[in-house]
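I opened the model to look up a few backbone and packing details. My entries follow in the order I made them.

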Amino acid sequence: MNNKAIESAGEVDKRRRVKSTKRFKNWKLFSTGIIIIIALLIGGISYYQATRFNSQITINDTNIGGLTAEQAIKKLKTAELQNRVYIGQQLILDEKDTKMGFTDKDLHEVKKSQKSQWTFFPSSKGKNYLLIPEKADQYRSKTMKKLVKEKLLSMNKHLQAPQDAEAKLEQGKIVITKSMNGEQYDVTSLLQDYDKQDFKSNIHLKPVYIQPVKENSSIVKNEEKKLSELLQQTIEYKVQDQVYSLDASELIKNASVSKDMKITITESDIKNKMDEINRSQSTLNKDFAFKTHSGSVITVKGKGYGWAIDADKETTRIQEAFEKGEKSIPASNIYGNGWSNEGIGYETTTNNGIGDTYAEVSIAEQRIWIYKDGKLALTTHVVTGKHSTGEDTTPGVWYILYKRQQYTLKGTAVGKGDYAVKVNYWAPFTNSGQGFHDASWRTNWSSTAYLTAGSGGCVNTPPSLMKSVYDNLSTYDPVVIY
């Protein structure tokens with residue numbers, strides 16, 4: 001190959017190297033440009049993402065997608081709450097629209113929401129932020145919440161209530177009733193749900209219903225246990241010196257247990273038991289067996305003296321004692337024919353209920369005997385009520401009402417009209433005004449004087465002995481007249 005050919009080949013190779021270098025430089029410039037463009041694009045996107053909300057972001061149901069925090073707060077300032085409340089799909093309340101109440105002071109919270117929702121690349125994922133304005137309107141949290149509560153309670157009045165299972169005592173046996181679902185709303189749960197949605201324009205509450213107490217619940221088991229304990233209970237009921245064992249299992253028919261585990265008895269045979277005790281033990285208006293001074297035994301009708309149990313009131317007491325779990329109670333609510341309806345003689349159990357301290361008056365013998373602790377204290381002749389005019393001293397078992405000295409007796413005597421006489425000692429035993437007193441005006445003290453010249457009903461006592469009679473009588477002492 002000649003020199004000329006060699007030179008020509010070198011030139012060609014040189015030109016090729018120059019072209020290759022140029023292409024590399026051009027590619028490098030292009031690549032750099034692409035990288036710069038991408039970097040600018042990424043930077044722009046990053047800046048955009050850092051300063052704006054994603055497209056499907058809402059605050060309090062107000063769409064602020066694509067807005068800056070400043071733009072968002074401006075929109076929120078004018079945003080209104082429609083104030084509609086739904087349960088499921090049912091609209092239950094539609095109040096006037098109100099503004100949310102956002103101001104520039106809330107911008108900081110909006111920026112915090114913007115920061116928390118940030119993604120490097122734009123996202124179409126939806127999210128709602130609930131923000132409470134710094135100076136929030138109290139209409140939603142107070143006025144409207146109250147309206148929602150009232151509406152729910154009003155609706156519940158017309159909806160079927162759930163029926164709780166419960167343990168009950170029916171005719172002496174414990175039974176468990178079945179529970180039933182109802183239609184009434186659980187107002188407390190719905191209001192809690194309401195609070196969570198306070199700044200949503202439309203509030204949708206998920207229906208929550210009041211749930212009944214179930215048969216296998218601990219509540220029912222505790223009720224059952226409580227009733228079982230009731231049936232095992234016995235109350236010792238003391239009347240005078242007699243104690244009666246009152247068994248719940250025999251007397252209580254129906255009972256229930258409240259939510260706070262208190263027993264209520266609704267039906268029982270307690271009243272029948274009280275009537276039975278009254279018949280066997282009380283003395284009110286009954287005949288007393290009485291052994292006279294002569295040793296003979298007679299029967300004398302109880303008048304002012306005697307007692308009985310108020311069966312209705314005692315039934316209530318005993319029922320309450322069973323309900324409270326008490327073990328023993330003494331009888332109370334004793335009544336009688338006393339001056340203030342008191343039952344006289346309840347504390348006395350000896351001598352067939354009359355006791356060993358009493359005054360005995362024999363109309364036939366026109367004499368009295370006063371006994372103290374079973375021993376004769378004194379006896380004297382007397383003059384009783386005038387028989388011919390029907391003013392007889394009333395037979396029966398009475399008691400000393402009270403005692404007075406230097407007393408003026410006032411009344412009306414048959415054939416004599418009104419009278420007023422002074423006596424030194426006065427001890428009445430009937431509400432109508434019969435009693436023991438001295439009679440300084442009396443001259444006829446014979447054993448037959450009472451037939452035609454007796455008193456107006458009182459027991460006239462010789463003045464010389466009246467002080468001793470008075471001193472040996474005490475208030476509430478029985479007076480047996482026959």
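I count a residue as buried under 20% relative accessible area, as exposed over 50%, and as partly exposed in between, using a 1.4 Å probe and protein chains only. The model is predicted, so I took local features at pLDDT of at least 70 and side-chain atom pairs at pLDDT 80 or more, while totals for chains, interfaces and linings use all residues. Residues are numbered from 1 along each chain as its sequence is written, and side-chain values use heavy atoms, without hydrogens and water.

**Positive phi**

Most residues other than glycine have a negative phi. I noted N83, which is not a glycine and has a positive phi of about 60°. I found N83 in the loop between β3 (80-81) and β4 (84-87); strands here are DSSP runs of E with at least two residues, helices are runs of H or I with at least four, and both are numbered from the N terminus.

The loop between β13 (252-257) and β14 (263-268) holds M261. Its relative accessibility is 23%, so M261 is partly exposed.

**Hairpin**

I then looked up β15 (residues 287-291) and β16 (residues 297-301), which pair in the antiparallel sense over 5 bridges; pairing requires at least two DSSP bridges between the strands. F288 has V300 of β16 as its bridge partner. The two strands form a hairpin with 5 residues between them, and G295 in the turn has a positive phi of about 100°.

**Helix packing**

For axes I used lines fitted to C-alpha atoms over the stretch in contact, with angles from 0 to 180 degrees between N-to-C directions. The axes of α2 (residues 69-78) and α3 (residues 107-117) are 9 Å apart, at an angle of about 125°. That makes α2 oblique to α3, as angles under 35 degrees count as roughly parallel, over 145 as roughly antiparallel, 65 to 115 as roughly perpendicular and the rest as oblique. The contact (heavy atoms within 4.5 Å) involves A69, E70, A72, I73 and L76 of α2 and L107, V110, K111 and Q114 of α3.

Last, I checked α8 (residues 270-281) and α9 (residues 311-324), whose axes come within 9 Å and cross at roughly 125°. These two helices are therefore oblique to each other. Among the contact residues I listed M274 of α8 and F322 of α9.
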